[in-house]
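Q: Please take me through the terms used for this structure, setting each value against its criterion.

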There are 2 protein chains.
Amino acid sequence: MVAAIIVIGDELLLGQVIDTNSAFIAQRLSELGIKVVRKWTIADTLEEINQALKEASQLSELVFLTGGLGPTKDDITKKAISDFFKVPLQFSEKNYEHLHQFLTYRKIPIRDSHKVQCYIPSNAELLENKLGTAMGMWIEHNNKIFISMPGVPDEMKYILLNGALPRIQKLWKGHFVSSKTFHTCGVGETEIAERLEPVLLEFMDRITIAYLPSIAQVRFRITTVGQDQNEMNELLDQCSIVIRKEFGQLIFGEDKTLLEIELGKLLKENKLTIGTVESCTGGTIASKLSSVPGCSDYYKGSIISYATEIKETLLGIPDELIQEHNVVSSQVAEAMVRNSVGLLKSDLIISSTGIAGPDGGTEKIPLGTVFISCGNSKRILTRKLTLGKNRDRNIEAASVLALNLAREWVLGIEI
Amino acid sequence: MVAAIIVIGDELLLGQVIDTNSAFIAQRLSELGIKVVRKWTIADTLEEINQALKEASQLSELVFLTGGLGPTKDDITKKAISDFFKVPLQFSEKNYEHLHQFLTYRKIPIRDSHKVQCYIPSNAELLENKLGTAMGMWIEHNNKIFISMPGVPDEMKYILLNGALPRIQKLWKGHFVSSKTFHTCGVGETEIAERLEPVLLEFMDRITIAYLPSIAQVRFRITTVGQDQNEMNELLDQCSIVIRKEFGQLIFGEDKTLLEIELGKLLKENKLTIGTVESCTGGTIASKLSSVPGCSDYYKGSIISYATEIKETLLGIPDELIQEHNVVSSQVAEAMVRNSVGLLKSDLIISSTGIAGPDGGTEKIPLGTVFISCGNSKRILTRKLTLGKNRDRNIEAASVLALNLAREWVLGIEI
């Protein structure tokens, strides 16, 4: 079975909105061994949608449409679908009930323009959407399946994962694609590749490697395709052993995970609590830690001492220490840790102080210099980072590397 | 002039990486009145790149390629380009010099695999990349222009904005597309559309409207196409007047801006300093405020009192108040504001307390209930939010609405 994706919306052709949906759909399909053969990005008109539906249904057995299901006037996908299949639009009581429940929970009155959303092509089955007003649609026609979903990513994902994919999985038994993703932090793509490819040499005829770098992190993914799932899993396990042996604790997790999730697990296992004292990262470390559901088991709180005077008054860091070493120094980063263990009632503290940019810096302490520190009065790890000139990237890199430093601290290692 | 975009990478076809580049390119081109006629997403093979280059050069005068320029083995775009134009790959001293400078600044030793990046098609001119090792390439061939850029978004943007677009603008004088984007916060897309479309009725034959909703915010964009830029700007100005009259201070900004940037401007104009005291938003309000370059003029710092005990010890909120009203209450949100004005040396404080989810909540205080408060001991604005069940969305919505509340406080209005 092959699939095609039609991404609808003028805003996408003009580049006003980034299409994350087609990648998400492609990823889920590729996990099932279903190949996406083409993607279209088209305008929000009856003619364009009709034309794309024609082409897509000639090429593939599974056609996804995203976008064009909201309440505003530029959304005409339902009309286009009903034209394409030559069926009428019908008022759906099920859709109205959903709309009513959804809006009532949020104390929003139902407007006439909301009700327009309840008219659906008569051959469509509805797919539940817990996150928004527009429901998904499932249409079977001439042994092909058409799935229409709203363009809002969370809503699309909800409908895909809970409504569409489980039904597709029941219908499709094909060959398989298996993969395993490994997450690393603090080492560049080039070094990872240079270490990885020699150790995987004997497997290279059966696997492919993809590198997925992001700021201060590199993920790599090994993929194998075949018919025998046991054999494939065994191959991936063999690769895993070799990879783990080469990289050790440099790998912080596998498959769907995040550094903050893995750190959270470690803290929980070790019954440790954590807090952050941030200067240049301005709360980004805190927001990453607190983004993890259940983080209240280990995350206590933070002080963002952005202004130097807050470092002095709230954290009690002596003016002399700042004058002697500079506010951007390992001494201040470590004092931030020591002075806040008590304030934040935490077993360990992460701190950051640096020059994020885009301006600032001196010859001695250039733009992009950041000190991160982690620990408590008994044991502290401190790193000096030499980053670039882009503020957003520097904040992200320092935050990620600081979380990784906390991981090292808990593991009792230095990677 | 029309353009085509070729997005290269197996990871994109498999959906492992989201393509943000083609949207960014399309947006910049559409601002110049250059239409993107097709986008391809293709695999990282010589044959595929060659085939796409053929098709793209038949369809358009301007061909963009993104991806496939990094140091690892799956990157073979340069080889494909040199094959397509039948020119050799040559070692570029200019590229090597760039690599050397870039890596030396970051104290990274140059490896052999880095040097591979210095071989470029002999007909290519290099485009500077300040953010990474892979430079862009500009190739002119048979009155068509081919631009190849790395896939890392920041690097692609840098090369596009600083190298490619200025050269394209010099070569191209066509018809124009003008648009204006208006940013609102706290009101849904449906209500915006219902208020907007009647007041713009007389302009609808000359403009188009696009709605771009994100969490707790709706942007809308009016666009006009034509030959006479003065006439077009006058039309957009007329629309602006009508829109401003209808929405007033509900619009917080125009075109490229962010709520945190606009709030920052307001604070600076009014010589006010700000701090945040966050519970359920866990530092997200702080990280938004501190993401703005130059925020040290008004942003002092934050306390993330995630654990209830931190609210008691560090903020001095009496246990009795929490017991009486619940930690998620307007009373606690307001006490958080009052008790931290002094701690954070700020003229105004934003606070948040709520149940972000995905679990928790009671019948009286259901999941998604958040109180946000803004002000100081003299004047406080407080709002109760009734959000959904998704943790990430709730944190984002509460943070955005809290920044907007601070805007209202500074403006002395309630929207």
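Q: How many salt bridges are counted between chain B and chain A?
A: In this predicted model, the count between chain B and chain A is 8 salt bridges. Over all chains, a search of the whole structure gives 32 salt bridges.

Q: What makes the pair B:Arg393 and A:Asp154 a salt bridge?
A: The criterion asks for a side-chain nitrogen of Lys or Arg within 4 Å of a carboxyl oxygen of Asp or Glu. The side chains of B:Arg393 and A:Asp154 meet at 2.8 Å, N to O. The pair is therefore called a salt bridge.

Q: Why are A:Lys268 and A:Asp297 also called a salt bridge?
A: The closest N and O atoms of A:Lys268 and A:Asp297 are 3.3 Å apart, and the cut-off is 4 Å. The pair therefore qualifies as a salt bridge.

Q: Which parts of the chain does the pair A:Lys268 and A:Asp297 link?
A: The pair links distant parts of the chain, its residues being 29 residues apart. A:Lys268 is in helix 10 of chain A, whereas A:Asp297 is in the loop between helix 11 (284–290) and strand 14 (299–304) of chain A.

Q: What is the extent of the contact between chain B and chain A, in residues and in buried area?
A: Chain B gives 80 residues to the contact and chain A gives 81 residues. The area buried between the two chains is about 6500 Å², with 55% of it from carbon and sulfur atoms. Of the area that chain B buries against chain A, B:Gln16, B:Tyr105 and B:Tyr306 supply 9%, more than any other three residues.

Q: Why is helix 10 of chain A described as roughly parallel to helix 15 of chain A?
A: The axes of helix 10 (residues 259–269) and helix 15 (residues 391–411) of chain A come within 10 Å and cross at roughly 25°. Angles under 35 degrees count as roughly parallel, so helix 10 of chain A is roughly parallel to helix 15 of chain A. The crossing of these two helices is left-handed.

Q: Which residues make the contact of helix 10 with helix 15 of chain A, and how do they divide by class?
A: Helix 10 of chain A contributes A:Leu259, A:Glu260, A:Leu263, A:Leu266 and A:Leu267. From helix 15 of chain A come A:Val400, A:Leu403, A:Asn404, A:Ala406, A:Arg407, A:Val410 and A:Leu411. The residues of this contact comprise 9 nonpolar, 1 polar and 2 charged.

Q: Why is helix 3 of chain B called oblique to helix 4 of chain B?
A: Helix 3 (residues 46–59) and helix 4 (residues 77–85) of chain B pack at an angle of about 55°, with their axes 9 Å apart. The roughly parallel class ends under 35 degrees, and the roughly perpendicular class runs from 65 to 115. Helix 3 of chain B is therefore oblique to helix 4 of chain B. Their crossing is right-handed.

Q: What makes helix 3 of chain A oblique to helix 4 of chain A?
A: In chain A, the axes of helix 3 (residues 46–59) and helix 4 (residues 77–85) come within 9 Å and cross at roughly 55°. That angle makes helix 3 of chain A oblique to helix 4 of chain A. The crossing is right-handed. By class, this contact has 6 nonpolar, 3 polar and 3 charged residues.

Q: What makes the backbone at A:Pro358, B:Pro358 and A:Lys271 worth noting?
A: Most residues other than glycine have a negative phi, and most peptide bonds are trans. The bond from A:Gly357 to A:Pro358 is cis, with omega near 5°, and the bond from B:Gly357 to B:Pro358 is cis, with omega near 10°. A:Pro358 is placed in the loop between strand 15 (348–354) and strand 16 (369–375) of chain A. A:Lys271 is not a glycine, yet has a positive phi of about 50°. A:Lys271 lies in the loop between helix 10 and strand 13 (274–278) of chain A.

Methods. Residues numbered from 1 in each chain as written. Chains lettered and ligands numbered in written order. Predicted model: local features only at pLDDT ≥ 70, side-chain atom pairs only at ≥ 80, totals over all residues. Heavy atoms only, no water. Axes fitted to C-alpha atoms, helices over the stretch in contact; angles between N-to-C directions. Helix = DSSP H or I, 4+ residues; strand = E, 2+ residues; numbered from the N terminus. Parallel < 35°, antiparallel > 145°, perpendicular 65-115°, else oblique. Left-handed = near helix turned anticlockwise from the far one by under 90°. Contact = heavy atoms within 4.5 Å. Nonpolar A, V, L, I, M, F, W, Y, C, P; charged D, E, K, R; others polar. Buried area = accessible area lost by both parts, 1.4 Å probe.
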